[in-house]
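The sequence and the structure are shown below.

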Amino acid sequence: MTDENAWWKEAVVYQIYPKSFNDTDGDGVGDIQGIVEKLDYLDDLGVDVVWLNPVYESPQEDDGYDVSDYRAIDDRFGSMEDWERLRDGLHERDIRLIMDLVVNHTSDQHAWFTASREDPDGEYGDYYMWMPGEPDDLPNNWGSCFGGPAWRYDREREEWYLHLFDPTQPDLNWRNPDVRDEVAELVDWWLQQGIDGFRMDVINFISKPEGLPDGDPDQDWVGLDHFANGPHVTEYLQELSERTFDQYDAMAVGETPNVSVEDAREYTGDDGPLDMLFHFEHVRLDFVEKDWWDVGDWHVRELKEVFSRWQEGLADEGWNALYLDNHDQPRSVSRFGDDEQYRYESATALGTMLLTLRGTPFLYQGQELGMTNYPFDSLDEIRDADARNRVLGALDAGKIDSFESVKDVVRYRCRDNARTPMQWDDSENAGFTDGSPWLPVNPNYETVNAAAERARDRSIWTYHRDCIALRDDHDVLVYGDFDHLVPDHEQVFAYVRADDSERVLVTLNLTAQDALVELPVSGAVEQLLGNYDRDETDLASLTLRPYEAQIYRLS
Ligand code: GLC
């Protein structure tokens, strides 16, 4: 939905993965009280919104994306009173709170599913995507996101059920109006608890097409074209938004795999049900033929092409959600930057891009510290259902003979790269826990940690704080137009953000080599922020050092 000016357009969002943020009770798993203890940290950084990954009651087969009770806080994370303390502590600091809405599927331990599998004719019988059939005859060829078929045969009900993710995550049947009522009620319930919106998990998967047709078998995720952006998705979301989000001034950001800019205009434009959405184009650049197992090179020009196309495509209608990291992606400094020699330079250059493009920036915990990927050595160190299912499935099917043979690709892609504990200081377990952490702490914690980073001269943390403050002070960085310069340049991403009162130039060298660029803009420049000192700037012939980022006011 496009509102001219809106709080969620002006906000910088900070995503917290509670399991790995801060543990206060020594069980090795982060908790809500742990976030409460770090509220001043968030306030100092200057973020406006916190997005909390799922903290609902859950068996944690997919780290909380398998919800067994939407209205209860999981014991591992604390109590409802802890959650209220968090909400109030954030609000006292003028930080809003959004939660994660996981309603494409539930956990198989949810009471609805238990009832549904027990009694096909009962109240909950039609809450899920059940299909009749023989145990050896899959209803269609759709695949699960985490590998293997998207169907499981349930011996109790003697039918198949659909699970686009893990078998413990059965898909809800949104065709059933009772399911839509349940979802509206739970959304409303949370909004009444005082939250400020939701991030909506794989929300464009909720409408499956009539007849559940087979997908193209050569697709990496078979069936995706059918279940993404299905026939009734806009209608269902519109209905939900009218009943809930619209009644509050709440923010709705959809996670939406397989969307084009065109789709995004519909979802987030004037009549669309969402405020903004996460697309996946830039995080697919390092896939070969969309194949998870094949890591390819990405090029600066492609990255620029994706971002500028989305900037331009949503210039008049809709709104961008901007991200480089989240709990499902490897660390951006390891992926798009250089996590060794140029860790400071590349982390800050990427941060500059995130915070100066047009859209709402989403920072993920640890990104402000330049946290890096983890050197996984064995499958035992990995909890991520995605990587585990894929590796175990491939071992089972005899496609690979050892973890060792795919170690490099798993290390690169594994979602646990983002989920290792937050590195607070150089004490044991990086100050995350007094117990034994649920995932290993990155061995680089003695140098990469919040305390050290905040104290350093060339500090990734301070740079992010300053860049957030700059965005707060310059409306043009929120609402101004985006004008892409030198689109064909192989190393430099440069653009001007402009409104009636100001023009701001951003120049980013996204490579580890010097880059010479001639920028087609003139006028005097005043440096607003940069990750290198610079005395002189000649826009007609500018040499940017490795990962140099500069933000200038043009006059
Ligand atoms: C989304 C979540 C991811 C989860 C999946 C299934 O992609 O971000 O973590 O595994 O949905 O809920």
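His279, His282, Phe307, Trp310, Gln311, Asn320, Ala321, Leu322 and Tyr323 form the lining of the second largest cavity. The model is a predicted one, in which local features need pLDDT of at least 70 and side-chain atom pairs count only at pLDDT 80 or more, while totals for chains, interfaces and linings use all residues. Residues are numbered from 1 along each chain as its sequence is written, and side-chain values use heavy atoms, with hydrogens and water left out.

A cavity is a set of points on a 1 Å grid over the protein atoms alone where a 1.4 Å probe fits but cannot get out, and its lining residues have an atom within 4 Å of a point. Grid points are joined across faces, edges and corners, and a volume is the space filled by probe spheres set on the points. Across the whole structure, two cavities of 30 Å³ or more are found.

Two elements, α10 (300-313) and β14 (321-323), each give two or more residues to the lining of the second largest cavity. For the largest cavity, the lining consists of Asp325, Arg331, Ser332, Val333, Ala347, Leu350, Gln367, Gly370, Met371 and His464. Here α11 (332-335) and α12 (343-356) are the elements that give two or more residues.

| Cavity | Volume | Lining by class |
|---|---|---|
| Largest | about 60 Å³ | four nonpolar, four polar, two charged |

Helices (H or I, at least four residues) and strands (E, at least two) are DSSP runs, numbered from the N terminus. The axes of α6 (residues 177-192) and α8 (residues 233-243) come within 10 Å and cross at roughly 40°. Arg180, Asp181, Val183, Ala184, Val187 and Asp188 of α6 meet Tyr236, Glu239, Leu240 and Arg243 of α8, contact meaning heavy atoms within 4.5 Å. Axes are lines fitted to C-alpha atoms, for helices over the stretch in contact, and angles run from 0 to 180 degrees between N-to-C directions.

The domain assignment, automatic or from a database, gives domain 1 (3-103 + 177-372 + 458-465), domain 2 (105-171) and domain 3 (480-554).

How values were computed. 1 Å grid on protein atoms, 1.4 Å probe; cavity = no way out; pocket = protein on both sides within 12 Å on 5 of 7 lines; lining within 4 Å. Nonpolar A, V, L, I, M, F, W, Y, C, P; charged D, E, K, R; others polar.
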